[in-house]
Amino acid sequence: MNTMHRHNSWIAAIGALFAMAYPLAGAAAEDGRFEKLSVYLERNVQDGDAEIRFDVTGATDGLAALKVLAPGERTVIVLRTPDSKLGVRSLTLESPEPDDDKIVRADFPAGAYRFEGTTTKGEHLRGEAQLSHVFPEPAAFEYPRPDQKDVPATALTLRWSVPKGIEACAIVIEQTGSAYEIRALLPGSARSFTAPEGFLRAGKAYKFAIGTVAKDGNRSFIEAAFTTARAR
């Protein structure tokens with residue numbers, strides 16, 4: 001996507017954080033063999049593109065093999081670590097991000113996705129996660145407004161509104177052109193976030209993104225830029 005997804009290293013990182021920090025309905029592991037499974041859709045509302053994401057955490061031992069079957073028994077993921085003694089315990093996989101989310105939905109139909117894994121010690125893991133094609137309604141910025149300038153760099157509280165029924169809000173604040181960023185997952189009832197003192201610098205450009213997260217894990221992001229006031 002233009003900013004959030006085409007240059008998506010920052011948003012991809014919080015995707016993993018959200019999946020780890022906030023287990024969602026529809027992502028529960030079957031019979032406890034996998035520690036965590038989830039499959040969900042994520043879209044950038046302004047750019048109109050979307051992707052599918054798979055988050056998998058195995059058992060105590062690493063995975064030597066993983067296969068994921070879509071509805072209709074179509075294999076969509078096959079991974080192996082044949083020369084590793086440790087294997088991979090946790091992983092996040094995401095698709096490309098076409099500008100038309102219909103392409104993603106056609107390739108990954110809604111329904112039950114079956115996960116089959118084998119650990120490095122030969123244990124077989126099985127689980128299932130549900131994929132929905134329904135995106136949550138996005139949030140709306142209240143302050144700062146998109147492209148607002150001369151925003152105070154101290155004691156800044158960002159505010160937004162969200163539709164009813166949202167499970168969580170994903171917040172990202174990034175200083176453009178630097179590694180400085182804030183990632184937070186907040187309850188769906190949250191409507192504001194105060195930037196920690198010292199994070200924002202005077203006269204700098206920032207990106208601010210809000211993602212609404214549904215109970216099924218699907219999420220809709222909006223993003224905007226703002227510029228802090230110069231030091232006087």
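1. A residue is called buried here when its relative accessible area is under 20%, and because the relative accessible area of Y113 is 0%, Y113 falls in that class. The structure under discussion is a predicted model, and the points below should be read with that in mind.

2. When contacts between residues at least 6 apart in sequence are considered, 67% of them join residues that are at least 24 apart.

3. A search for aromatic pairs across the whole structure returns eight. One of them is formed by F34 and F115, whose rings are edge-to-face, at 6.4 Å centre to centre and with 70 degrees between the planes. F34 sits in the loop between α1 (9-21) and β1 (36-44), whereas F115 belongs to strand β6 (residues 111-119), so this pair ties together parts of the chain that are 81 residues apart in sequence. Both F34 and F115 are buried.

4. Another pair is made by F54 and Y113, and it is classed as edge-to-face because the planes stand at 65 degrees, with the ring centres 6.1 Å apart; the cut-off for that class is over 60 degrees. This pair, too, links distant parts of the chain, since F54 is in strand β2 (residues 49-57) and Y113 is in strand β6, 59 residues apart. F54 has a relative accessibility of 4% and therefore counts as buried, and Y113 is likewise buried, at 0%.

5. A contact of another kind involves Y40, where R219 lies over the face of the ring, at 3.9 Å from the ring centre.

6. Turning to the sheets, four strands form an open sheet in the order β4-β3-β6-β7, and their pairing is antiparallel. The edges are taken by β4 (74-80) and β7 (124-131), each of which pairs on one side only. On average, and with direction ignored, neighbouring strands of this sheet are turned by 15 degrees against each other. Strand β3 (residues 63-70) and β4 run antiparallel and are joined by six bridges, and K67 stands opposite V78 in β4.

7. An open sheet of three strands has the order β8-β10-β13, again with antiparallel pairing. Here β8 (140-143) and β13 (192-194) are the edge strands, each pairing on one side only, and neighbouring strands are turned by 25 degrees against each other on average, direction ignored. Between β8 and strand β10 (residues 157-161), which run antiparallel, there are three bridges; the bridge partner of Y143 in β10 is R159.

8. A last point concerns A209, which is found in strand β14 (residues 205-213). The relative accessibility of A209 is 0%, so A209 counts as buried. Although A209 and V172 are 37 residues apart along the chain, their C-alpha atoms are separated by 5.1 Å.

Note on methods. Residues are numbered from 1 along each chain as its sequence is written. This is a predicted model: local features need pLDDT of at least 70, side-chain atom pairs count only at pLDDT 80 or more; totals for chains, interfaces and linings use all residues. Side-chain values use heavy atoms; hydrogens and water are left out. Rings of Phe, Tyr and Trp (its six-membered ring) pair if their centres lie within 6.5 Å; planes under 30 degrees apart count as stacked, over 60 as edge-to-face and the rest as tilted. Helices (H or I, at least four residues) and strands (E, at least two) are DSSP runs, numbered from the N terminus. Buried means under 20% relative accessible area, exposed over 50%, partly exposed in between (1.4 Å probe, protein chains only). A charge sits over a ring if NZ of Lys or CZ of Arg is within 6 Å of the ring centre and within 35 degrees of the ring normal. Contact means heavy atoms within 4.5 Å. Two strands pair if DSSP finds at least two bridges between them. Axes are lines fitted to C-alpha atoms, for helices over the stretch in contact, and angles run from 0 to 180 degrees between N-to-C directions.
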